[in-house]
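Q: Hi, I'd like to go through a protein model with you. Could you show it to me before we start?

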Amino acid sequence: MKPNYVKSLLISEIKSVAANPQNYCYNPATDFTRKRKLSMEKILAGIIGMESGSITNELIDLFDASSDTLATPAFVQQGDKIKPEAFQKIFDEFSGKLMAGFADEMPVLAVDGSDVQTPTNPKDTGSFYTGRNGKKSCNLLHINALYDLNHHIYPDVAIQKSKEANEHKAFQEMVDRPGIPMALVIADRGYESFNNMAHIQEKGWFFLIRVKDGACGIKNGLELPGTDSFDVDISLKLTRKKTNEVKELFKDKNHYRSISSTQLFDYLPLKNKKAEAARFYGLHFRIVRFPISESSYETVVTNLGTGKYPPTELKKLYASRWGIETSFRDLKYTMGMLNFHSKKVMCIQQEIYGHIIFLTDENLSICVI
């Protein structure tokens, strides 16, 4: 993918949003209705290209140190008019078109979350944490993300207030969105759940999820080999029904599993009337355990085929998940996502989307606008 194309694509998406300010401003009747030196397009580009310097220095760069450079208050006032949804729209369209350009191969996506500290505000109860054990009070936003491990871009992001964050729900929403017809998702143990696996299966995607290696979690109740390493095909039928007839089926532990009414599972009703027949949901996967050192092992579940993806290949694939960890580090320390230019949450969200848009691999070679 040529750098000029990537740059022109981003500029095009910025222009598209700026051409419809009424959809993305807090006061559509008045905001950006007059022609100004600092247009909405210029504001959007400036925030997306922001680094960790002061706003004054960022404006000097934005205006190439010309006499047209505006004062910081003017920039802040104009930026305050724009909803974070404007940057989300740019991100969605930009990343979506980039991903479409890689349609000749199956994306390998890692999923994870990371907290970002924001200025302390006790009134924002959804993100405020009281300091304990010598630590200061703080507010946190939680970033949920899908990260393309081959092309080093983010196809999807969901921002939540940390205390209200639900990584499973955010992940399922990202999987369910249209746009990527086929993908492999690699996830750590925090995403171990039948519901997550079912959402991926329904989308027609593939999953590779590390699960708890002990007796609890998804492994609980399955009849597995007593060997240190194994690769077993499992075909479970999940149900919430617990009649005596169904309970007999549960004796076949590798084919039937009960889902309690308190366990979230979107593809079975919470309750079954007595007169209704039992409803089952089929979930097909392999459970694979392989060594990672002389004395330690990891267990994963996957719906990838055995022929092309033996345990040695699954081990390599799972190890590649670390790419999203290093990407979060780059966002925070290289792109400056630890140093925001505002105390307002909505402005911080603008900058988060801006940093994520701007963080790319050298292969995409996006230049500062």
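This is a predicted model: local features need pLDDT of at least 70, side-chain atom pairs count only at pLDDT 80 or more; totals for chains, interfaces and linings use all residues.

Q: Let's begin with holes. How many cavities of 30 Å³ or more are there?
A: A search of the whole structure turns up one. On a 1 Å grid over the protein atoms alone, a cavity is a set of points where a 1.4 Å probe fits but cannot get out; a pocket is an open set with protein on both sides within 12 Å along at least five of seven lines, and lining residues have an atom within 4 Å of a point.

Q: What volume does the largest cavity have?
A: About 60 Å³. Grid points are joined across faces, edges and corners, and the volume is the space filled by probe spheres set on the points.

Q: Which residues lie nearest its centre?
A: Phe-94, Ile-153, Tyr-154, Ile-356 and Ile-357, out of 10 lining residues. The elements giving two or more residues to this lining are α5 (84-100), β4 (153-161) and α11 (345-358). The largest share, four residues, comes from α5. Helices (H or I, at least four residues) and strands (E, at least two) are DSSP runs, numbered from the N terminus.

Q: And how does that cavity lining divide by residue type?
A: Into eight nonpolar, two polar and no charged residues. Here Ala, Val, Leu, Ile, Met, Phe, Trp, Tyr, Cys and Pro count as nonpolar, Asp, Glu, Lys and Arg as charged, and the others, Gly among them, as polar.

Q: Now the largest pocket: what is its volume?
A: About 360 Å³. It is lined by 22 residues, and Gly-96, Met-99, Pro-178, Gly-179 and Ile-180 are the closest to its centre. Helix α5 gives the most to this lining, with five residues. The pocket lining divides into 14 nonpolar, three polar and five charged residues.

Q: Changing topic, how many salt bridges does the structure hold?
A: There are 16, a salt bridge being a side-chain nitrogen of Lys or Arg within 4 Å of a carboxyl oxygen of Asp or Glu. In one of them, Asp-213 and Arg-289 meet at 2.8 Å, N to O. That pair links distant parts of the chain, 76 residues apart: Asp-213 is in the loop between β6 (206-211) and β7 (230-239), and Arg-289 is in strand β9 (residues 281-291).

Q: Is Arg-289 buried or exposed?
A: Arg-289 is buried, at 15% relative accessible area, while Asp-213 is partly exposed, at 26%. Buried means under 20%, exposed over 50%, and partly exposed in between (1.4 Å probe, protein chains only).

Q: Which residues are linked in a network of salt bridges?
A: Asp-112, Asp-188, Arg-210, Glu-298, Arg-321 and Glu-325. Within it, the closest N and O atoms of Arg-321 and Glu-325 are 3.2 Å apart. Arg-321 is buried, with a relative accessible area of 5%, and Glu-325 is partly exposed at 26%.

Q: Last one: how many disulfides are there?
A: The count is zero, where a disulfide is a pair of cysteine sulfur atoms within 2.5 Å. As for cysteines, Cys-138 is buried at 15% relative accessibility, and Cys-216 is partly exposed at 43%.

Definitions and conventions: Residues are numbered from 1 along each chain as its sequence is written. Side-chain values use heavy atoms; hydrogens and water are left out.
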